[in-house]
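This report goes through a multi-chain model in running text.

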Amino acid sequence: MQLLAQILANGVLLGGLYALMALGLALVWGVLNIVNLAHGAFIMLGAYVGYYLFTLFDMDPFVALPISMAALFCVGYLLQGGVLNLIARSAMFNTLLITFGIDVVLTQLAQILFSADYRTINPSYAGSNFMAFGVTLPWVRVLAFVVALLLTFSMWLFLLHTRLGRGIRATAQNLGAARLYGVAPKSIYAMTFGIGAALAGGAGDLYGVVSQINPYIGATLTAKSFAIAIIGGLESPLGVVVGGIFLGIVESLTALYIGPTFVDVASFGILVLVLVVRPNGLLGSTS
Amino acid sequence: MNLRAKFLLTAIAVLLLGALPWFASPTVIQFGIATLLLATLAQGWNIIGGYTGYASFGNSVFFGLGSYGTAIAMVQWQLPFGVGLAFGALLSVLFALVMGLPVLRLRGHYFAIATLALSQVMTAIVSNLEIAGRNTGLVLPLLNGDALFYELSLATLVLATLTIFWISRSRFGFGLIAIRENEDAAASMGINTTLYKVLAFALAGVFSALAGGIHAYWITFIDPVSAFDLSLNVKMIIMTVFGGPGSVLGPVIGAFVLSGISETLSTEVSTVASLFFGIVIVTAVVFMPRGLADLIRRFRDTGWRYFNENVKQHRL
Amino acid sequence: MKRALGFMAFTLATSMSSAFAQETITLGASVQETGALANTGRYYRDSYKFAVEKINERGGVKVGGKTYTLALKILDNQSDSNLSVRQYVQLLTQDKVNFLLGPFASDFALADSSVAEKYQVPMIQGGGASDQIFNRGYKYIFGTLPVASKYFESTIAMMGKLNPAPKTVALLYADDAFDVSVANGTRELLQNAGIKLTLDQRYSSNTSDFSTLISQLKSSNPDAILVSGHETEALNFVRQAKSLNLAPKMYSFTVGVPTADFRKALGKDSNYAFGMTPWVISPTSKDLYFGNAADFAKAYVARFGYDPDYHSASAVADVEAFVKAMEAAGSLDPKKVRDAISQVNFPSLYGTVAFNATGQISLPQTVIQVQNDQVKAIYSQNGMLATPQYPMPPWDKR
């Protein structure tokens, strides 16, 4: 019982971070209909920003979080304006291909610039924890969880209550309608992609605190983000949080009861299942 | 150029390619095997992606099943290579039928993501299967005969290309193209879209599985990561799109050109090869999103404006 | 049509550039310079280079009364094992290298050794230890990493000498060729030592979240935890063990602990971790080209800017073994050199290099531990070398 409670707590905390990772992907997919295969590379870059701020300037990773996000916002904004925008009306698999190409380029550049050394963001409190109801809770994961929820919640408010946010939501429905909000589609596209990248950057910064960083962590994180975005749905940021926590719990329980080598079978199996069982609900948002 | 001339030229090219092992160095033969197999895979993707319009990321699953079918038959059951190939192809067809039915109901990105997830699931399942050697993989017997592998790969590619040639002029092919252009309209025209799509998926599976089986026996070692390699699937798409999706020879040309580039890069500039390859992909998608075939057709009239016009046409 | 012509031209061009008079002996290797394994791949690239340079400085190689310079051709396999197989064929058939040096990691060595066997050109590799590589009856593959199944042998021997000796052990291992070999061997070793295995768990390679496993470990509470996995996994495991307050009496990792990266990434948290290395940097070893292991390590840092570990030493031993074998064979004939390799027996900075019947070196593992941010040699065949810090204190008492 004790063990089960601990495992569930682990799963929920992991899920919070998962949700933040997937949030940007879901936003970009839902609004721009771009499946961004370079999303994991953005997370990786965000982690490196956090790492260098921590190592060179001794900056706390939670203080570095906004900087990491701002840096990635610029990367995303420029990439969409300078590259992705050029094929915005091209065939669907062209966007898949180009984001894959961008992923390769970013990963290789990261190896050249940052080397393949394994890095961690390791502040003195990184491993500290506290007990609650007989369950050990790592401070960093709890904080990351809270930050993830806060960011998700502010995303939600932003989409609902700001001019730009309403423009973005309108774009998701209909490009023409977006003009009614007085925002040019071009700038909406770049802003949305930038925000998506910024969320990935924030997730990366937190990821570096709980795990290790190297230029090649992106691919698996992209795959995970897909699973969460699909399970949670693309419509609302809150759905992504549910998806993240759900996946975190499923993975933890699978590792415990079936075995750690079956984690991927479970998470991607559920992804396929969700897609297949609810094709109408999910299809509705693409057509 | 009329069809007969085209056919004749292609036949001569095939004969020349077939004669290659008698005068080429082993490095060239090996490059040939890899390229022919990639071209076969690109043709497989062409059926489901190019003709039917379903951007599959599950074709690497077919490749993996072909590899594992062959390896399991040869290593665990001591069966001959031919039986292994057939077994691998059978596994692929079964997979296409069982998973194709539910997954092919999805459209657009959702299909792409579902197949992407399937390939992750298959990797994870195979790495837990005792008979597949779990994640440590299987070692196949060593056969010293690259010429044989070369001819086999060439034969498979010819078979795949002939099949696509048939598709391009058959009722079945028109059905697939109708599905690509407008699936609802195709259904209302009385096309059994489910059947057509599943058949296309299975057909793609057979050729990919054959390529996988040949590759496994040639390389002599497979493990889940290399057999279900997702980047291989991306290569299939790039080669098809680069050459011209939905055309008979486009993907083959795409595979030859891109393999040549990538091989030269990995020999000449070694450590930045991947970086360059990434840049090549991005540039190609931006400036020639409709592939090499379209470029060749229209470049004569438009000249360098071709690239500019492409960008103008597709940007927001 | 154009395509066919282009192809033929390419063929002719490549087949003409073959025969050259040979004053150099070229060793060829395809290593991971980029891609997921680049971090360890660089040890091989740099060490091969370094060894070849040093050997040439020392006058090159004397084979049958003639002196040759040694050359090196390295290709980057981008951490793709299929590409590496093709590159080895290319090295042999197009670049006409004389002999092959290996890549990093067991699965690569497993795939690439078939090229050596196919073309009957010997490959000495210092990057793959899995028993699978050497169990196939191949004649042209030699390895300078010790047998995978015995990686934990010295650790388990040391455990018997600890006070109080660990009675229960948990074994975690990744599911790749090398780590499965380690686990199979370790199970047997534990049984022979009479130590109880309370948790025996396989996990997926590249796992980044260990929180479930760590929670399970906490509730089964073994005295010692043995982890056989990759360096990234070792890093994640230690970090998450701290954050979930898991502190067994000891834990040990097959890889990671000897590297500078491990200490740099974990800082103080790397302390108390046990590990192993077949190579101890000591001035007592004798090496014809580098003097001794300590001199080598110094020169290596000066040259490449990072600390060498056993991967580097193993790679240097590969190059030196070829030189010894060629000199003994008095010929560059691959078959004769192959037979000579099987007979070599010489001291090097890595240890005594000699191959057993299957082609693998036998070197004992020295148990090491990170103590006060330094790697210390703790235990070898000859007994305790230093006092182990045991049991490991809980995280909040450090």
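Two residues are in contact if their C-beta atoms, placed from the backbone, lie within 7 Å. Among contacts in chain C between residues at least 6 apart in sequence, 67% link residues at least 24 apart. The model is a predicted one, in which local features need pLDDT of at least 70 and side-chain atom pairs count only at pLDDT 80 or more, while totals for chains, interfaces and linings use all residues. Residues are numbered from 1 along each chain as its sequence is written, and chains are lettered from A and ligands numbered from 1 in the order in which they are written.

**Chain C as a whole**

Helices (H or I, at least four residues) and strands (E, at least two) are DSSP runs, numbered from the N terminus. On this basis chain C holds 13 helices and 16 strands. The radius of gyration, taken over C-alpha atoms, is 22 Å for chain C, close to the 21 Å of the globule rule for 398 residues, so chain C is as compact as a globular protein of that length. The globule rule is 2.2 Å times the number of residues to the power 0.38. The C-alpha trace of chain C spans about 70 × 55 × 40 Å along its principal axes.

A residue is buried if 20 or more other C-beta atoms lie within 10 Å of its own, exposed if 12 or fewer, and partly exposed in between, with C-beta atoms placed from the backbone. Of the 398 residues of chain C, 61% are buried.

**Confidence**

The predictor assigns the complex an ipTM of 0.85 and a pTM of 0.88. Per residue, its confidence is given as pLDDT, from 0 to 100. Chain A has a mean pLDDT of 87, with 94% of its residues at 70 or more. Within chain A, H12(A) has the lowest confidence, at a mean of 42, and helix H2 (residues 39-57) of chain A the highest, at 96. The pLDDT is below 50 over residues 280-287 of chain A, a stretch that has eleven contacts in the model beyond near neighbours in sequence.

For chain C the mean pLDDT is 90, and 94% of the residues reach 70 or more. Over residues 1-22 of chain C pLDDT stays under 50, and the model has 18 contacts for them beyond four places in sequence. Where pLDDT is low, the predicted coordinates should not be read in detail.

**Interfaces**

The contact between chains A and B takes 43 residues from chain A and 40 residues from chain B. On the chain A side, H4(A) gives the largest share, 13 residues. That side divides into 32 nonpolar, eight polar and three charged residues. Here Ala, Val, Leu, Ile, Met, Phe, Trp, Tyr, Cys and Pro count as nonpolar, Asp, Glu, Lys and Arg as charged, and the others, Gly among them, as polar.

Chain C touches chain A through 34 residues, in contact with 33 residues of chain A. H9(C) supplies the largest share of the chain C side, seven residues. This side comprises nine nonpolar, 17 polar and eight charged residues.

**Helix H11 of chain C**

Ala293(C), Phe296(C), Ala297(C) and Tyr300(C) are buried in H11(C). Seen down the helix axis, the buried residues fall within an arc of 100°, so they line one face of H11(C); the arc is that of the directions from the helix axis to the C-beta atoms. These buried residues pack against H2 and helix H12 (310-329) of chain C. Gly305(C), which follows H11(C), has a positive phi near 80°.

**Backbone exceptions**

Most residues other than glycine have a negative phi, and most peptide bonds are trans. The table lists exceptions.

| Site | Value |
|---|---|
| Asn163(C) to Pro164(C), cis | omega near -10° |
| Tyr390(C) to Pro391(C), cis | omega about -10° |
| Thr220(B), positive phi | phi about 70° |
| Asn372(C), positive phi | phi about 45° |

Pro164(C) sits in the loop between helix H6 (153-159) and strand S7 (168-174) of chain C, and Pro391(C) in the segment after strand S16 (383-384) of chain C. Thr220(B) is in the loop between helix H9 (193-219) and strand S2 (221-222) of chain B, and is buried, with 22 other C-beta atoms within 10 Å. Asn372(C) is in the loop between strand S14 (366-371) and strand S15 (374-380) of chain C; with 8 C-beta neighbours inside 10 Å, Asn372(C) is exposed.

Terms used
pLDDT = per-residue confidence, 0-100.
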